[in-house]
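Please read the points below alongside the model. They are numbered so that each can be taken up separately.

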Amino acid sequence: MGKIILTGDRPTGRLHIGHYVGSLRRRVELQNSGLYDKIFIMIADAQALTDNADNPDKVRDNIIEVALDYMSAGLDPEKSTLFIQSQVSELTELTFFYMNLVTVQRLQRNPTVKQEMLFRGFSDSTDGSDNKAGTPVGFFCYPISQAADITAFKADTVPVGEDQEPMIEQTREIVRKFNSTYAPVLVEPEILLPEQCVCRRLPGTDGRAKMSKSLGNCIYLSDEPEDIKKKIMSMYTDPNHLRVQDPGKVEGNPVFIYLDAFSRPEHFAEFLPEYQNLDELKAHYQRGGLG
């Protein structure tokens with residue numbers, strides 16, 4: 001059997017540059033590499049409903065937006081199979097069977113689930129004593145759904161961001177449990193992380209560690225040029241860099257993190273000819289004299 005990739009996104013909104021550098025750019029490279037026999041790109045609308053059950057129109061409307069973002073970034077339906085999760089009913093069936101192989105306690109220990117519950121304000125108590133909204137069962141079980149998606153297509157490679165490492169590990173556990181209980185038919189997948197560490201989680205324009213639609217700190221792939229310029233000009237940079245002559249801090253500065261993620265040496269000849277490369281620009285900012 002040849003090498004197979006499966007990856008995807010939840011259609012809860014348009015895709016942003018965090019998605020692009022974290023996984024989307026790599027998907028296009030892999031698609032065009034010729035190293036993989038099959039590439040499946042999933043629009044995970046069923047998973048999106050796990051925390052958007054009261055707003056199905058939002059999910060439905062964004063399916064097209066995500067598909068357009070995919071193709072505008074270079075994913076080619078002639079080379080990759082783009083599909084909608086809810087249209088493959090077998091994925092739901094497989095999720096049900098996997099639920100019998102995972103304990104509640106194991107799901108509670110999944111770092112990604114815990115982090116996402118906290119981010120969305122869901123309760124992590126069983127008796128509601130923390131006065132937060134209860135956690136939907138579907139959301140709590142979405143690592144199991146994700147395992148079904150990956151294994152149904154016998155994907156051996158899953159290109160995702162580093163926040164998804166616990167999810168892939170849980171998928172591997174389910175595969176081993178299923179194969180030992182029933183028959184050795186499932187493929188144990190490997191994670192494929194972005195090559196650049198800076199690309200593994202791009203900060204928001206406000207300096208927060210995560211770029212998120214709900215936080216309003218995104219630059220979307222479909223933004224118009226004037227909107228991008230407005231967001232860039234208002235970005236969080238270095239709170240201690242009060243005057244141009246002050247030395248600046250590069251570490252944790254979203255502007256330089258974005259430059260690390262996107263800029264190439266040939267860009268400087270076109271846009272900043274006074275610098276040979278990004279290292280020269282950083283050095284100038286750090287010694288002062290650069291706004």
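1. In this predicted model, the contact between H11 and H13 involves Phe256, Leu259 and Asp260 on the H11 side. Their partners in H13 are Leu278, Leu281, Lys282 and Tyr285. By residue class, the contact of H11 with H13 comprises 5 nonpolar and 2 charged residues, with no polar ones.

2. Two packed helices are described by the angle between their axes and by the distance between those axes. For helix H11 (residues 254-262) and helix H13 (residues 278-287), the angle is about 170° and the axes are 11 Å apart. H11 is therefore roughly antiparallel to H13, because angles over 145 degrees fall in that class.

3. On aromatic residues, the structure contains 9 aromatic pairs. One of them is formed by Phe40 and Phe153: the ring centres are 4.6 Å apart and the planes meet at 40°, so this pair is classed as tilted.

4. Are Phe40 and Phe153 buried or exposed? Both Phe40 and Phe153 are buried. Ring pairs also join Phe40 and Phe153 with Phe83 in a cluster.

5. A further pair is made by Phe178 and Tyr182, with ring centres 4.8 Å apart and planes at 40°, so it too is tilted. What are the relative accessibilities of Phe178 and Tyr182? Phe178 has a relative accessible area of 15% and is therefore buried, since the cut-off for buried is under 20%. Tyr182 stands at 55% and so counts as exposed, the limit for that class being over 50%.

6. Glu116 deserves a separate entry. Glu116 is located in helix H6 (residues 111-120). Its relative accessibility is 9%, so Glu116 counts as buried. Which residues does Glu116 contact, leaving aside its neighbours within four places in sequence? With those neighbours set aside, Glu116 is in contact with Phe139, Tyr142 and Lys210.

How values were computed:
Residues are numbered from 1 along each chain as its sequence is written. This is a predicted model: local features need pLDDT of at least 70, side-chain atom pairs count only at pLDDT 80 or more; totals for chains, interfaces and linings use all residues. Side-chain values use heavy atoms; hydrogens and water are left out. Helices (H or I, at least four residues) and strands (E, at least two) are DSSP runs, numbered from the N terminus. Buried means under 20% relative accessible area, exposed over 50%, partly exposed in between (1.4 Å probe, protein chains only). Contact means heavy atoms within 4.5 Å. Rings of Phe, Tyr and Trp (its six-membered ring) pair if their centres lie within 6.5 Å; planes under 30 degrees apart count as stacked, over 60 as edge-to-face and the rest as tilted. Axes are lines fitted to C-alpha atoms, for helices over the stretch in contact, and angles run from 0 to 180 degrees between N-to-C directions. Angles under 35 degrees count as roughly parallel, over 145 as roughly antiparallel, 65 to 115 as roughly perpendicular and the rest as oblique. Ala, Val, Leu, Ile, Met, Phe, Trp, Tyr, Cys and Pro count as nonpolar, Asp, Glu, Lys and Arg as charged, and the others, Gly among them, as polar.
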